[in-house]
Amino acid sequence: EQKILVGVPAEEIRRISPSGGRVLGAGAVLRLGGAHHGGYGDQDIKYVYRQLSRALHPDKNPNVPEAPEAFKRLSDAAEELKKSLEEARSALRRIGGIVGSSVTPEMLERPQ
């Protein structure tokens, strides 16, 4: 089973919504590594999103003004990563079809 350690909510919220107009990448928001870390799949995105959203929900952090923005960024990041996984899977299927190779379910789970 995967584990994610959620830091102090106010610090996590500020990490996700940095000041100065900076935008944290989707993988960094959800703390998921790329291909060099073994990639990630749908279940990884779902698990990490669930853990972070529980801790960082604006209702649980009413004294942190950045909480609603961070929560929205968290949701957007999860959707971005899901979309990117689907695009990678589609590309992998097309490449497999071109070279006449079969694409296994294992290949499609973490296609980065």
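Good morning, colleagues. The structure above is a predicted model, in which local features need pLDDT of at least 70 and side-chain atom pairs count only at pLDDT 80 or more, while totals for chains, interfaces and linings use all residues. Residues are numbered from 1 along each chain as its sequence is written, and side-chain values use heavy atoms, with hydrogens and water left out.

Let me begin with the overall architecture. The protein has five helices and zero strands, which gives the pattern α-α-α-α-α along the sequence. Helices here are DSSP runs of H or I with at least four residues, strands are runs of E with at least two, and both are numbered from the N terminus. Taken along the principal axes, the C-alpha atoms fill a box of roughly 55 × 30 × 20 Å.

Next, the surface. The protein exposes about 6900 Å², of which carbon and sulfur atoms supply 55%; accessible areas come from the Shrake-Rupley method with a 1.4 Å probe, and for residues only the protein chains shown count as cover. Of the 112 residues, 32% are buried. Buried means under 20% relative accessible area, exposed means over 50%, and partly exposed lies in between, with a 1.4 Å probe and protein chains only. As for charge, there are 17 positive and 15 negative side chains, and the centres of the two sets lie 1 Å apart. Lys and Arg count as positive, Asp and Glu as negative, and His and the chain ends are not counted. The place of each charge is taken as NZ of Lys, CZ of Arg, CG of Asp or CD of Glu.

I turn now to the interior. In soluble globular proteins, nonpolar side chains tend to be buried together. A nonpolar core is defined as a set of buried Ala, Val, Leu, Ile, Met, Phe, Trp, Tyr and Cys residues joined through side-chain atoms within 4.5 Å. In this model the largest such core has 22 residues, and those with the most contacts inside it are Leu-30, Leu-32, Ile-45, Val-48, Leu-52 and Leu-81. The elements giving two or more residues to this core are helix H1 (9-16), helix H2 (26-29), helix H3 (42-56) and helix H4 (67-99). H4 gives the most, with seven residues.

Which residues does Leu-32 contact, leaving aside its neighbours within four places in sequence? They are Gly-27, Tyr-40, Asp-44, Ile-45, Val-48 and Leu-81, where contact means heavy atoms within 4.5 Å. Across the protein, among contacts with a separation of 6 or more, 63% join residues 24 or more positions apart.

Ala-77 is found in H4 and is buried, because its relative accessible area is 0%. Apart from neighbours within four places in sequence, Ala-77 is in contact with Ala-26, Val-29 and Leu-30. The C-alpha atoms of Ala-77 and Tyr-49, 28 residues apart along the chain, are separated by 9.0 Å. Lys-83 is also placed in H4, but Lys-83 is exposed, with a relative accessible area of 55%. From Lys-83 to Gly-97 there are 14 residues in sequence and 21 Å in space, C-alpha to C-alpha.

Finally, the loops. Ser-17 is buried, at a relative accessible area of 10%. The side chain of Ser-17 reaches the backbone nitrogen of Ala-70 at 3.3 Å. Beyond four places in sequence, Ser-17 is in contact with Glu-66, Glu-69 and Ala-70.

The loop between H3 and H4 holds Asn-61 and Val-64. Why does Asn-61 count as buried? Asn-61 counts as buried because its relative accessible area is 9%. The side chain of Asn-61 reaches the backbone oxygen of His-57 at 3.1 Å. Not counting residues up to four places away in sequence, Asn-61 touches Pro-9, Ile-13, Ala-55, Leu-56 and Ala-67.

Val-64 is buried at 11% relative accessibility. With the exclusion of residues up to four places away, Val-64 touches Ala-10, Ile-13 and Arg-14. Val-64 and Glu-11 are 53 residues apart in sequence and 9.8 Å apart in space, C-alpha to C-alpha.

Thank you for your attention.

Note on methods. A polar contact is a pair of N or O atoms within 3.5 Å; within protein, one must be able to donate a hydrogen and the other to accept it, and residues adjacent in sequence count only if both atoms are side-chain atoms.
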